[in-house]
Amino acid sequence: MDSSVDTQKSFSILDFNWSYHERFRPFANYGDAFLVVSPWGIYMANASPTLIHQIATRRTDWVKTIEHYAVVERFGPNVVTTEGSTWRDHRRVSSSAFNERSNAVVWQESVRQAGKMIEAWKRREANDDKGGDGKAGMWVEQ
């Protein structure tokens, strides 16, 4: 890893949408996990599956900053906006909805809708090629 820092590229990761614009480039430059320290706080960027697994399975060691989820708190306390014993209560109540059977149904429906969306795009493209208005097939069937 090169110790020289390109300040223009370094400051780009302070942008809220940096992961969209920069994609994997910062990880190639700085490694699988790095800290972004700014006046607004410290942010850890992580692309390491091993570290992600550690964070996800050791909840008491990696406490989330629930302040970041304030927008979701509008709907009341929930599994996203709580920690500790309150989180456990919400997790217990909501976990039955997230199982392999329901995940399979969600996956099948996602694949079906993605296929319909691709068909709609193809129809739109065919209509555009024929001098159409570009609006054909814009809605995915239910």
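Guide: A charge sits over a ring if NZ of Lys or CZ of Arg is within 6 Å of the ring centre and within 35 degrees of the ring normal. The model shown here is predicted, so local features need pLDDT of at least 70 and side-chain atom pairs pLDDT 80 or more, while totals for chains, interfaces and linings use all residues. Residues are numbered from 1 along each chain as its sequence is written, and side-chain values use heavy atoms, leaving out hydrogens and water.

Visitor: Over the ring of which residue does the charged end of Arg23 sit?

Guide: The ring is that of Tyr20, and the charged end of Arg23 is 5.6 Å from its centre. Lys64 likewise lies over the face of Tyr69, at 6.0 Å from the ring centre.

Visitor: By what is a pair of aromatic rings described?

Guide: One gives the distance of the centres and the angle of the planes. Rings of Phe, Tyr and Trp (its six-membered ring) pair if their centres lie within 6.5 Å; planes under 30 degrees apart are stacked, over 60 edge-to-face, and the rest tilted. By this rule there are three aromatic pairs. Phe27 and Phe34 have ring centres 5.2 Å apart and planes at 55°, so this pair is tilted. For Tyr30 and Phe34 the centres are 5.4 Å apart and the planes at 65°, so that pair is edge-to-face. Phe24, Phe27, Tyr30 and Phe34 together form one aromatic cluster.

Visitor: Are Phe27 and Phe34 buried or exposed?

Guide: Both are buried, that is, under 20% relative accessible area, where exposed means over 50% and partly exposed in between (1.4 Å probe, protein chains only). Phe34 has a relative accessible area of 9%, whereas Tyr30, at 26%, counts as partly exposed.

Visitor: In S2, which residue is the bridge partner of Phe34?

Guide: The partner is Ala45. Strands (E, at least two residues) are DSSP runs, numbered from the N terminus, and two strands pair if DSSP finds at least two bridges between them. Strand S1 (residues 33–38) and strand S2 (residues 41–46) run antiparallel and are joined by six bridges. A hairpin connects S1 to S2 through two residues.

Visitor: How is side-chain direction read along a strand?

Guide: In a regular strand the side chains alternate between the two faces of the sheet.

Visitor: In which strand is Met44 found?

Guide: Met44 belongs to strand S2. With a relative accessible area of 31%, Met44 is partly exposed.

Technical notes
Helices (H or I, at least four residues) and strands (E, at least two) are DSSP runs, numbered from the N terminus.
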